[in-house]
Amino acid sequence: GCSGNCEVCPMRDQCGHGGPMQDPDLVDIQDRMLGVKHKIIVLSGKGGVGKSTVSAQLAFYLASKGHQVGLLDLDICGPSIPHMLNIESETIHASTSGWSPVYVRDNLAVMSIGFLLPSRNEAVVWRGPRKNGLIKQFLKDVDWGNLDFLIMDTPPGTSDEHISTVQFLKDTGIDGAVIVSTPQEVALLDVRKEITFCKKIGLKVVGVVENMSGFVCPHCQTETHVFRPSTGGAQAMCTEMECPYLGRIPLDPLLAQAAEDGVQALTDSLAIRPLQNTFDLLMASVITPAAPAAEDKPE
């Protein structure tokens, strides 16, 4: 029976009597993440704003700079990363060291539930606990090796997947979140909620990216705001919310085609320079972050 003397009990870590039980999986996750220098979570308040496109192009860009990069698709019900990197037909294999990710290049590895489904049309009809279990398994069992960057692409919103990912990684040193939006207020409404969510759970916001920000006609060079920034767009919102602004990426058919073809954006894309500028600013913020005026704490 229990003596009630938790300080000397050899079972104190396995028993809930003296406090919450330690999850051994979290220790495994910490061990797995020891080889990962930087961890970035890509969020969006609204769906359809190009979050996965930004995640994929960021991974391509970092790999092109010679970094060792991992891209983890945490959108369990809508995995689009395999398509955006042209590796839909690949499968994953398990070994004694864990699950082996799929390699797009020697220095760009990918993991997604899309590799586990019997067909691309298969629906994932799971409740929260089962999705959270797979996310934990991805973080615990995928054998990334040593990485400079682990980019995590998440579903839209502020739900179970986001809370669980941050909780599972809280002791491993998350660099922060990149939030993707479009310029119109209907998208920014949800981005404001996403920023508030990050503050509540103690997740640093590295910055906001405004995607689909104006369309420049390739013939006459006239810029048209397809999604009108009626309240000033993401930059004005960042000023209002005291949040870093990383830049704007134009609506460009060549970038959309690159996402469809599963390749890095071509140099003749009008989006290539804004993409590079945005990603360079992101890298500078993550690798050499400015000292904060005050420590952010969960509300």
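Predicted model: local features only at pLDDT ≥ 70, side-chain atom pairs only at ≥ 80, totals over all residues.
Local features require pLDDT of at least 70 and side-chain atom pairs pLDDT 80 or more, while totals for chains, interfaces and linings use all residues. Residues are numbered from 1 along each chain as its sequence is written, and side-chain values use heavy atoms, leaving out hydrogens and water.

**Exercise 1. Salt bridges**

Determine how many salt bridges the structure holds, and describe what the pair Arg 32 and Asp 143 ties together.

Step 1. The criterion is a side-chain nitrogen of Lys or Arg within 4 Å of a carboxyl oxygen of Asp or Glu. The structure holds 13 salt bridges.

Step 2. Between the side chains of Arg 32 and Asp 143, the N to O distance is 3.5 Å. Arg 32 belongs to helix 1 (residues 24-33), and Asp 143 to the loop between helix 4 (128-141) and strand 7 (147-153); the pair therefore ties together parts that are 111 residues apart in sequence. Helices (H or I, at least four residues) and strands (E, at least two) are DSSP runs, numbered from the N terminus.

Step 3. For accessibility, buried means under 20% relative accessible area, exposed over 50%, and partly exposed in between (1.4 Å probe, protein chains only). Arg 32 is partly exposed at 23%, and Asp 143 is partly exposed at 26%.

**Exercise 2. Two further salt bridges**

State which residue forms a salt bridge with Glu 88 and which one meets Glu 240, and locate each pair.

Step 1. Glu 88 is bridged by Arg 120, with the closest N and O atoms 3.6 Å apart. Arg 120 lies in the loop between strand 6 (108-111) and helix 4, and Glu 88 in the loop between helix 3 (81-84) and strand 3 (93-95), 32 residues apart. Arg 120 is exposed at 65% relative accessibility, whereas Glu 88 is partly exposed at 36%.

Step 2. Glu 240 meets Arg 192 at 3.3 Å, N to O. Because Glu 240 is in helix 7 (residues 233-241) and Arg 192 in helix 6 (residues 185-201), this pair ties together parts 48 residues apart in sequence. Arg 192 counts as buried, at 16% relative accessibility.

**Exercise 3. Aromatic pairs**

Classify the geometry of the two aromatic pairs in the structure.

Step 1. Rings of Phe, Tyr and Trp (its six-membered ring) pair if their centres lie within 6.5 Å; planes under 30 degrees apart are stacked, over 60 edge-to-face, and the rest tilted.

Step 2. Tyr 61 and Phe 279 have centres 5.7 Å apart and planes at 45°, a tilted pair. It links helix 2 (residues 51-64), which holds Tyr 61, to helix 9 (residues 272-287), which holds Phe 279, 218 residues apart. Tyr 61 is buried at 6%, and Phe 279 is buried at 3%.

Step 3. Trp 99 and Phe 138 are edge-to-face, at 5.8 Å centre to centre and 70° between the planes. Trp 99 is in strand 4 (residues 98-100) and Phe 138 in helix 4, so the pair ties together parts 39 residues apart in sequence. Trp 99 and Phe 138 are both buried.

**Exercise 4. Strand 8**

Identify how strand 8 pairs with strand 1 and with strand 9.

Step 1. Two strands pair if DSSP finds at least two bridges between them. Strand 1 (residues 36-43) runs parallel to strand 8 and is joined to it by four bridges; Ile 40 stands opposite Gly 176.

Step 2. Strand 9 (residues 205-210) also pairs with strand 8 in the parallel sense, over five bridges. Here Ala 177 has Val 205 as its bridge partner.

Step 3. From strand 8 the chain passes through helix 6 to strand 9 in a right-handed β-α-β crossover, meaning that, with the strands pointing away from the viewer, the path from the first strand over the helix to the second runs clockwise.

Step 4. In strand 8 (residues 176-181), six of its six residues are buried.
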